[in-house]
Amino acid sequence: MLEIKDLHASVEDKEILKGLNLEVKAGEVHAIMGPNGAGKSTLASIVAGKEEYEVTEGSILLDGEDIEDLAAEERAHKGVFLSFQYPVEIPGVTVTNFMKTAINETRKAQGLEEMPAKDMLKKIREKSELLDIDRKFLSRSLNQGFSGGEKKRNEIFQMAMMEPKLAILDETDSGLDIDALRIVANGVNKLKSKDNAVIVITHYQRLLDYIVPDYVHVLYDGKIVKSGTKELALQLEEKGYDWIKEEINA
Amino acid sequence: MELKEKLVSSFLAFENTVDVDAPVHDIRSQAIKVFEEKGFPTKKEEAWKYTSLNAILKHDYSIFPKEENALEFKDVKKYFLHDLDTYKIVFIDGKYSSHLSETTHDKIDVCLMSSALTHDKYKPVIDNYFNKVAQKDGLTSLNTAFSKEGAYIYIPKNKLADKPIQIIHFSTGKESLQLLQPRNLIVVEENSHVQIIERHQSLTSNPVLTNSVTEIFADKRAIVDYYKIQNDNETASLIDNTYIQQQAQSIASVHTFAFGGNITRNNLNFYQQGQGIDSILNGVTILEGKQHVDHNTLVHHTEPNCESHQDYKGIFDEKATGVFNGKIIVNKEAQKTNAFQSNNNILLSDKATINSKPQLEIFADDVKCSHGCTIGQLDEQALFYMRSRGIGEKEARALLMYAFANNVLESVKIPQLKQRINKLIANKLGVNIGFDL
């Protein structure tokens, strides 16, 4: 589904990704771990189409199609979803209206009719129940005054609404207490199918107890330096990243 | 001949068209003297520092309409709020159009200034209110000198105007360049309520200059909601002088939607005369090209326990320029005043400008006054966030701008008008998207 080949990317002439390779197939869950500043969030933003980053070499293929020239919204229309590490506050736009606009704009781009209001409401009800979100919450301005945990839960609610093909969760676990973490992870697991894929970016093994990855990758200094199965995450939790740095530098 | 001289010398000709023995004519005669002395304002005056009238005063305007011009409703329907039952007072090139209007004398008077100034029936109201709150600056005096036509609205005690009133001024430009000087008088007595929508619309590419004066009197516990739609074409300029006098416990709100025009200057003045008064001044300005809008507001608090709320939002693109100058005076006696003012702006281009200036003169010591002003760009992070959810760049920008103006739109009390303003904004932003924020 997603194929990243020898990706080099920089922001303001500073190279952040230095030849990254990653392949994610439909039905898989990949975890990307790594120390601060390794380039994890940059990778997430580049795949989602943030324009500040310049891809200098390599390619990103989604279902075999190079998406480098596609705008963020076009990637979203093709099923890419990014759960933000820091969701942006947008005063004056309610969660419900934001979702209605996002879904209908996406449907428009896909050549579909707008979703009938009745279906939209039904979907909003279902998905908010899935994430244990209070109905009152949906008529509040998007992310404004939300706690850290509410913001993250709202991101996954949006994911549930958009039903993406490829979801990238950028540190969705940060700021969540254990109960919220369970709810969020449960939401993600319910959305998993053989046709979609999830990339979980995290510092900690904790989330991976709930969203069990098929593969774990270590991103360090702009490259994936080690890949393994879920046991690798446990090893990282236990030993930190220094042994990996030593392994590379050796 | 310069416009000022031309106007002063035309006053004699004007006198041939009105009853010079009427008391109101003394007011006119005095006013032309004031105008002759003060003339047009220049940038040397502090209040006009950022707005120059030079370019629009150099035209050779025709001062009196020479002929009656007619318009078919179907051709101008889009400028009306036509999906709503309203009274209508419509003028074409400064002359009343009975064809397009719908007036009433049933319990309330919704009619013409020209009748009110000449018929005895209206004399008590005219004697009590005409030119009583309008100030004596050059532009207002000029309007007073030539005051003859406009809207006259009188809502007696304990009456609810049963439907909103639209005041629309069309200019056709069929006879060269026009100077229009409508004069409106709105008197709302105790416990009464009225909603008014005002619009100036040029249908020509010839320059039009409107120097309008509106006096509004809100008596005890009266409620006045006034909406100004300023979405004119780029050759039409407007100087809108509005004076509102409020008595105890009255609530007066003025919404100004400044979406277009060449030079637009709003002199919006509230004078409070009693306790428990609320004055509300809201504005949304969205401009592009070389358009210029100057909002000059004054709220004068004279007695205790009153409030005022000002919320002006501005979005400026290309080389558009804006001015917000908000003056609040709190007299020594006006303790426990709550006066709030905020002016937030978004500049979409490097060449757009906004000059924002609060002016607080507070002589009482137990008051709450706050003012705030922001100038910024659209939040790039917010744009990326929205786009990553599948909302196109243009739509995302528009949605952010809607959200920015939202609280002002929310306070519009006529749903059909709110919908119309939404549509005007969508058109301005070039999007076709049904936000219902």
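Predicted model: local features only at pLDDT ≥ 70, side-chain atom pairs only at ≥ 80, totals over all residues.
Reader: Why can chain A be called as compact as a globular protein of its length?

Author: Chain A has eight helices and 12 strands. The globule rule gives 18 Å for 250 residues, and chain A comes close to that value, so it is as compact as a globular protein of that length. Its C-alpha atoms fill a box of roughly 60 × 40 × 35 Å along the principal axes, and the radius of gyration is 18 Å.

Reader: Which helix gives the largest share of the side of chain A that touches chain B?

Author: The contact draws 23 residues from chain A and 20 residues from chain B. On the chain A side, two or more residues each come from helix H2 (72-77), strand S7 (90-94), helix H3 (95-109) and helix H5 (148-162). By class, that side has 13 nonpolar, seven polar and three charged residues. The largest share, six residues, belongs to H3(A).

Reader: How far apart do the C-alpha centres of domain 1 and domain 2 of chain B lie?

Author: The domain assignment places domain 1 of chain B at 3-273 and domain 2 of chain B at 380-437. Their contact takes 12 residues from domain 1 and nine residues from domain 2. The C-alpha centres of these two domains lie apart by 31 Å.

Notes. Residues numbered from 1 in each chain as written. Chains lettered and ligands numbered in written order. Domains from an automatic or database assignment. Contact = placed C-beta atoms within 7 Å. Helix = DSSP H or I, 4+ residues; strand = E, 2+ residues; numbered from the N terminus. Nonpolar A, V, L, I, M, F, W, Y, C, P; charged D, E, K, R; others polar. Rg over C-alpha atoms; globule rule 2.2 N^0.38 Å.
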